[in-house]
Amino acid sequence: YTKKLWSSPLMDFEFTRIPSHLSFPEDITVTQLQQQDIAKVWARLSAAGYQTSMQRPEIGRFFSYLKSVDTHHNVFFYLAFFKGKPAATAIMTHNGDALGIHMLSTIPSMRNKKVAQALLWHGVSCAMQHGCVRAWGSAAPDAKAWYEKLGCTQMGTQVKDTYLSPL
């Protein structure tokens, strides 16, 4: 393991900033995960998007949490596909009127295809149906400009220790 001090911008997004017309390539699909087998694909792709590997203790804790997803009605795991191939992942949470965006990642070979944007808008659309009016989340430092293009603004900075292992 390599210990790393992680600093990331905290982003805020009010749904009133969503463009009235959103269009994406027809070969992008987004699904909310319901099955444990799909969740294993989710975890592997999420780690690939961050270009790290989850170590055995982390995988065990992560899957223990995934097993309890059905009892947590405000936690949603998403998987996006490009031309039928898994491409991006995210966890989204509904908390009152806010949508939390967590671990939004796209595997490197699938970047710049609007997959993450389609995944984000899908989650926002679902959250709006549950009364959410805004979103927040921490962004990878190199993704800050991407979030800003979508209308997000930085509301602070998150600093935490993480333990990573390169792929």
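Me: The expected span of a helix is 1.5 Å times one less than its number of residues; what span should H3 have, and how far apart are its end C-alpha atoms?

Reply: H3 has 15 residues and should span 21 Å; its end C-alpha atoms lie 22 Å apart, which agrees. Helices (DSSP runs of H or I, at least four residues) and strands (runs of E, at least two) are numbered from the N terminus.

Me: What kind of model is this, and which residues count for local features?

Reply: This is a predicted model, in which local features need pLDDT of at least 70 and side-chain atom pairs count only at pLDDT 80 or more, while totals for chains, interfaces and linings use all residues. Residues are numbered from 1 along each chain as its sequence is written, and side-chain values use heavy atoms, with hydrogens and water left out.

Me: How many helices and strands are there?

Reply: The protein has four helices and seven strands. Along the sequence they follow the pattern β-β-α-α-β-β-β-α-β-α-β.

Me: Back to H3: how many of its residues are buried?

Reply: H3 is mostly covered, with 11 of its 15 residues buried. Buried means under 20% relative accessible area, exposed means over 50%, and partly exposed lies in between (1.4 Å probe, protein chains only). Among the buried residues of H3 are Gln117, Leu120, Trp121 and Gly123. Just after H3, Gly131 takes a positive phi of about 95°.

Me: What share of the protein's 167 residues is buried?

Reply: Of the 167 residues, 41% count as buried.

Me: And the largest nonpolar core: which residues touch the most other members?

Reply: Phe15, Leu99 and Tyr147 do so, in a core of 42 residues. Strands S1 (2-14), S3 (75-82), S4 (85-95) and S5 (98-106), together with helix H3 (115-129), each supply at least two residues of this core. H3 gives the most, with nine residues. A nonpolar core here is a set of buried Ala, Val, Leu, Ile, Met, Phe, Trp, Tyr and Cys residues joined through side-chain atoms within 4.5 Å. In soluble globular proteins, nonpolar side chains tend to be buried together.

Me: What is Tyr147 in contact with, leaving aside its neighbours within four places?

Reply: Tyr147 is in contact (heavy atoms within 4.5 Å) with Met11, Ile101, Leu104, Ala139 and Cys152. Across the protein, among contacts between residues at least 6 apart in sequence, 76% join residues at least 24 apart.

Me: Changing topic, in which sense do S3 and S4 run?

Reply: S3 and S4 run antiparallel, joined by eight bridges; two strands count as paired if DSSP finds at least two bridges between them. Phe81 has Pro86 in S4 as its bridge partner. The two strands form a hairpin with two residues between them, and Lys83 in the turn has a positive phi of about 50°.

Me: How do S4 and S5 pair?

Reply: S4 and S5 are antiparallel over seven bridges, with His94 opposite Leu99 in S5. They too form a hairpin with two residues between them, where Gly96 in the turn has a positive phi of about 65°.

Me: How much of S4 is covered?

Reply: S4 is mostly covered, as eight of its 11 residues are buried. Ile91 is in S4 and is buried at 10% relative accessibility. Its C-alpha atom is separated by 6.9 Å from that of Leu104, 13 residues away along the chain.

Me: What is the phi of Met103, and of Asn112?

Reply: Met103, in strand S5, has a positive phi of about 55° although it is not a glycine. Most residues other than glycine have a negative phi. Met103 is partly exposed, with a relative accessible area of 31%. Asn112 has a positive phi near 65° and lies in the loop between S5 and H3; at 83% relative accessibility, Asn112 counts as exposed.

Methods. The expected span of a helix is 1.5 Å times one less than its number of residues.
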